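Q: Could we go through how to read the packing of helices in a model of this kind, one feature at a time?

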Amino acid sequence: MKDRMRIGDLSERAGVTQRTVRYYEKMGLIPSGEREGHGQHYYTDETVARLRKIDQLKKLGLSLEEIRDVIDLYFMDPSGVQPKQKVLGILKQHLAETDQKIDG
């Protein structure tokens, strides 16, 4: 595995806590680290990229469940069109729900 890192290095590079990494693994937002030798988990640069993308999507207002529905698209569609369209649809739904609450 190229550029592999342990959870402490991963969390530092991605700007999240180790607890967050474990939680996101449990939710299926990031792949579990590969185990080697003494049970240590090792992660790749792609996991750092996924954690950063999750943070960006959270800042847009997506829930972790919504992010789980779109995160893989960012790493499967090199054009980025499909995930952006899906996120735009989610954000439009958020806007519609907000407008509905305002209108009462």
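Q: Which hand does the crossing of α2 and α4 have?
A: In this predicted model, the crossing in which α2 passes α4 is right-handed. To see the geometry behind that description, take the two axes, which come within 11 Å of each other and cross at roughly 65°. Angles of 65 to 115 degrees count as roughly perpendicular, and α2 is therefore roughly perpendicular to α4. The residues that make the contact are Y23, Y24 and M27 on the α2 side, facing L64, E65 and R68 of α4. Sorted by class, the contact of α2 with α4 contains four nonpolar and two charged residues, and no polar ones.

Q: How should I read the pair α3 and α4, and at what angle do they pack?
A: Begin again with the axes: those of α3 and α4 lie 10 Å apart, and the helices pack at an angle of about 135°. An angle over 145 would count as roughly antiparallel, and α3 and α4 are therefore described as oblique to each other. Their crossing is right-handed. From α3 the contact draws on E46, A49, R50, K53, I54, L57 and K58, while α4 brings L64, I67, V70, I71, D72, Y74 and F75. The classes in this contact of α3 with α4 are nine nonpolar residues and five charged ones, with no polar residue.

Q: What are the angle and the axis distance for α1 and α3?
A: The axes of α1 and α3 come within 9 Å and cross at roughly 40°. Angles under 35 degrees would count as roughly parallel, and these two helices, α1 and α3, are therefore oblique to each other. The crossing of α1 and α3 is right-handed. Here L10, R13 and A14 of α1 meet D45, T47, V48, L51 and R52 of α3, and the contact of α1 with α3 divides into four nonpolar residues, one polar residue and three charged residues.

Q: Is T47 buried or exposed?
A: The general idea is to compare the relative accessible area with a cut-off, and under 20% counts as buried. T47, which is found in helix α3, has a relative accessible area of 4% and is therefore buried. Leaving aside residues up to four places away in sequence, T47 touches L10, I30 and P31.

Q: Where does G80 lie, and how far is G80 from T98 in space?
A: G80 sits in the loop between α4 and α5. Distance along the chain and distance in space should be read separately: G80 and T98 are 18 residues apart in sequence, and their C-alpha atoms are 27 Å apart.

Q: Which residues touch the most other members of the largest nonpolar core?
A: A core can be read by asking which of its members have the most neighbours within it. The largest nonpolar core here has 22 residues, and I54, L57 and I67 are those that touch the most other members. At least two residues of this core come from each of α1 (7-14), α2 (18-27), α3 (45-59), α4 (64-76) and α5 (81-103). The largest share, five residues, is supplied by α4. If residues up to four places away in sequence are not counted, I67 touches L29, I54, L57, K58 and L62.

Note on methods:
Residues are numbered from 1 along each chain as its sequence is written. This is a predicted model: local features need pLDDT of at least 70, side-chain atom pairs count only at pLDDT 80 or more; totals for chains, interfaces and linings use all residues. Side-chain values use heavy atoms; hydrogens and water are left out. A nonpolar core is a set of buried Ala, Val, Leu, Ile, Met, Phe, Trp, Tyr and Cys residues joined through side-chain atoms within 4.5 Å. Buried means under 20% relative accessible area, exposed over 50%, partly exposed in between (1.4 Å probe, protein chains only). Helices (H or I, at least four residues) and strands (E, at least two) are DSSP runs, numbered from the N terminus. Contact means heavy atoms within 4.5 Å. Axes are lines fitted to C-alpha atoms, for helices over the stretch in contact, and angles run from 0 to 180 degrees between N-to-C directions. A crossing is left-handed if the near helix is turned anticlockwise from the far one by less than a right angle, and right-handed if clockwise. Ala, Val, Leu, Ile, Met, Phe, Trp, Tyr, Cys and Pro count as nonpolar, Asp, Glu, Lys and Arg as charged, and the others, Gly among them, as polar.
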